[in-house]
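The following report is meant to be read beside the sequence and the structure.

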Amino acid sequence: MKRLLLRNADGADPGGSWSRDPGGIQATEADRSQIARTGLRLFLVVVSSLFFLFLFAFIARSQMADWLPLTDPLAPLANLWQLWLNSAFLVLSCIALQWSRMAARQARLDATVIGFALGGVFAIAFLVGQFWVWQQFVAWGYFVASNPANSFFYLLTGLHGLHLLGGLIAWGIIVAKFLRRVPLPQLSVSVELCTIYWHYLLGLWFVLFALLASTPETYEAIARFCGLR
Amino acid sequence: MAYAEQAETEALHEPKSFLTKYIWSQDHKVIAIQYSLTALFVGVIAVVLSGLMRIQLGFPGTLEFMDASAYYQAMTMHGMIMVIYLLTALFLGGFGNYLIPLMVGARDMVFPYVNMLSYWFYLLAVVVLLSSFFVPGGPTGSGWTLYPPQSISQGTPGVEWGIVLMLVSLAIFIVAATMGGLNYVTTVLQARTHGMTLFRMPLSVWGIFIASIMALLAFPALFVSAVMMLFDKLLGTSFFMPAMISLGQQIDHQGGSPILFQHLFWFFGHPEVYIVALPAFGLVSDLISTHARKNIFGYRMMVWAIIAIGVLSFVVWAHHMYVSGMNPYFGFFFAVTTLIIAVPTALKVYNWVLTLWRGDIHLTVPMLFALAFIVTFLVGGLTGLFLGNVIVDIPLSDTYFVVAHFHMVMGVAPVLVVFGGIYHWFPKVTGRMLNDTLGKLHFWITFLGTYAIFFPMHYLGFQGMPRRYYAYENYAFIPQSAQELNAFITVIALTVGVSQLLFLFNLAWSAFKGKPAGSNPWGAASLEWQTPNTPPIHGNWGAKLPVVHRWAYDYSVPGIEQDFVPQTVSAEELEQMRQLSAGTKIADVKT
């Protein structure tokens, strides 16, 4: 970002990227992808801000007396195998998309399509898995309003899922373009953007997972560190 | 005028049908006008609401329907509309949309479709907000800060529907603002024309750019608060709701933290002040420089001040919470940061004054509004220093002194810039001038009127008159003189409110019948005034993009007859202009 900010500062070569190279379509495509990447990065900053504030609220609220930890021996998160399984799906999804992204760079259409399709399928598997965890919560009597820890679990996993669902809409649009035989060079930027977004959501999921699966002592330590206790 | 040599490599798909040209438009200029007209429309509603409140305060009992609930509902909607749906939308969606591409030499925003969506989401947010007037129980009356537990507890007006619609509307607005903000920031970073370096951008763009970044970072806090409060209200969670007895009944919630909401709200709320103020700072800098025919004093200092204010505004939020029972050390920290933020802010005021110093000041209508802004912002800013200190704030908290302060600094001052900006850029938008006489009349009534309204409120605050009361009769600690002053304020407020019709009439009449403006009626140097067509056509620049050779503030350059040098004039062209001016002078001497 620093490089981006300073690129056109005084003394540097003048000119925004839009009109940097009068060369032709190639240059315009490169500029467009740069613009799209910048837009996506900014969006990810906004999403980070959103989740950071949710996590701040989580830590602050966890210090109240009525908080019942989800990691207690008889609570749903005492055993984390379901969440690990879901995590594995999301990791596989990201690996498939990364493979697709690299294949797109090398102009290998088949590999790009297969990787991209697999990425979406694994992501759907992750979402189904998360919904299954929600159902387990309900079956155990851990409803959204029963306790603030439950409320945050539903809220954070739900919001993360909604972000992934938004990504899947974009994924669906790109898949439709592949089916309509839109040339690969026109779609490689979209594949790349999708992959970046997926990687971000994977990182975010592990942050959320780590926090949700932590013990009250960890929350207390974080709260003390942040001056919330 | 110099243009880039290259032709655009991509075809410009100019919309042809009425629907795609004016309704579902992706053109930043049309979207800016849509944003502005919608914002002005809700602004009128907010002004009417304030008029109703003032009638109740000045002449209690005059309006039969104005009971306590109606008063609080009017107050809540007035505040929220003014801060979010008028000022934020107008500065970023209106001025930002119109000016950024034109000022940086772009053909449009980088994501035109998202830009269009941004407006329609904003409109949806407005519709949802206004629909709360027509639901059972009416809009929420919880105050614009929406503090829980009161905002979602029985007894508060609009507790069933109003608060839900308010929170949903805010969430939609934030989605709209995010889509807009991503566009503004990416356009500034990626779509500047040849030669438009960051430090050649006009301060208007800098103000809107930094405010957009702040909006992208701060609005999530409001979104988080809104979502969590919706959960508390609709799903029965206890994020913010403590255990309490309401109307004699133990409520179902327990353990929630209302203070947590306050932290989240003000983490958004204080940067919001600067999300409104920074664009105003930028616009007013351009107005002052243009109409004083002098380069802005300390341009780089002004830029760094904008950035410093933007950063510091994220670490002052708790000065809104001094009376919430926070740790005294926190209060000390936030008082210090609040005083520190006054430094770059004061620097800007000094630089405006130094720009005016020995300038060729043209008292045009935009300039009058710009000058009025400086003094108003100064007054509002100085009372901010009072309230930023914990020990002074505590006795003044919840009095009319606070009402006077935030109206001066956050209400009147930015609105003066809005007016100044509209009078200044209207000729570019429509190709016609606004009527000068009506403009001056509008200015003097608004300027003097707002001082007559808000100056006495400082005095009322010192007297201890509390805010948020819907009637001030029969309180032993409020003297009769306060009631007389309230009546005076009401008369002036109604006068100022009605006088805004002059402005609206001027807008409507001049758009069609105003004097033709030409391409650059103010003799401005910045890029938006150098478009080949006025109003600019789709794509802004014709076949070729402009090339920028200098900053936007070359006014009264020595040796040049014309008292401004457009940003598109190269060094060679400038030399030719010098020689031409010298030749003209020699010819004048000979004759």
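## Backbone and helices

N474(B) counts as exposed, with 6 C-beta neighbours inside 10 Å; a residue is exposed if 12 or fewer other C-beta atoms lie within 10 Å of its own, buried if there are 20 or more, and partly exposed in between, with C-beta atoms placed from the backbone. The model is predicted, with local features needing pLDDT of at least 70 and side-chain atom pairs counting only at pLDDT 80 or more, while totals for chains, interfaces and linings use all residues. Residues are numbered from 1 along each chain as its sequence is written, and chains are lettered from A and ligands numbered from 1 in the order in which they are written.

Although N474(B) is not a glycine, its phi is positive, at about 60°, and N474(B) sits in the loop between α13 and α14 of chain B; helices (H or I, at least four residues) and strands (E, at least two) are DSSP runs numbered from the N terminus. Most residues other than glycine have a negative phi, and most peptide bonds are trans. In chain A, A107(A) is likewise not a glycine and has a positive phi of about 60°; A107(A) belongs to the loop between α3 and α4 of chain A and is exposed, with 12 other C-beta atoms within 10 Å.

Helix α14 of chain B, residues 480-513, has 34 residues and reaches 50 Å from its first C-alpha to its last, close to the 50 Å expected at 1.5 Å a residue; the expected span is 1.5 Å times one less than the number of residues. Among the buried residues of α14(B) are N486(B), I489(B), T490(B), A493(B), V496(B) and F503(B). An α-helix has 3.6 residues a turn, so residues three or four places apart point the same way. The cover over the buried residues of α14(B) includes α2 (28-58) and α13 (436-462) of chain B.

Helix α4 of chain A, residues 109-139, has 31 residues and spans 45 Å from first to last C-alpha, close to the 45 Å expected at 1.5 Å a residue. Its buried residues include T112(A), G115(A), F116(A), G119(A), A123(A) and F126(A), and what covers the buried residues of α4(A) includes α3 (81-105), α5 (148-179) and α6 (184-212) of chain A. After α4(A) comes G141(A), with a positive phi near 85°.

## Chain B as a whole

Chain B contains 15 helices and 4 strands. Its radius of gyration is 25 Å, close to the 25 Å that the globule rule gives for 591 residues, so chain B is as compact as a globular protein of that length; the radius is taken over C-alpha atoms, and the rule is 2.2 Å times the number of residues to the power 0.38. The C-alpha trace of chain B spans about 90 × 50 × 50 Å along its principal axes, and buried residues make up 54% of the 591 residues.

Definitions and conventions:
Contact = placed C-beta atoms within 7 Å.
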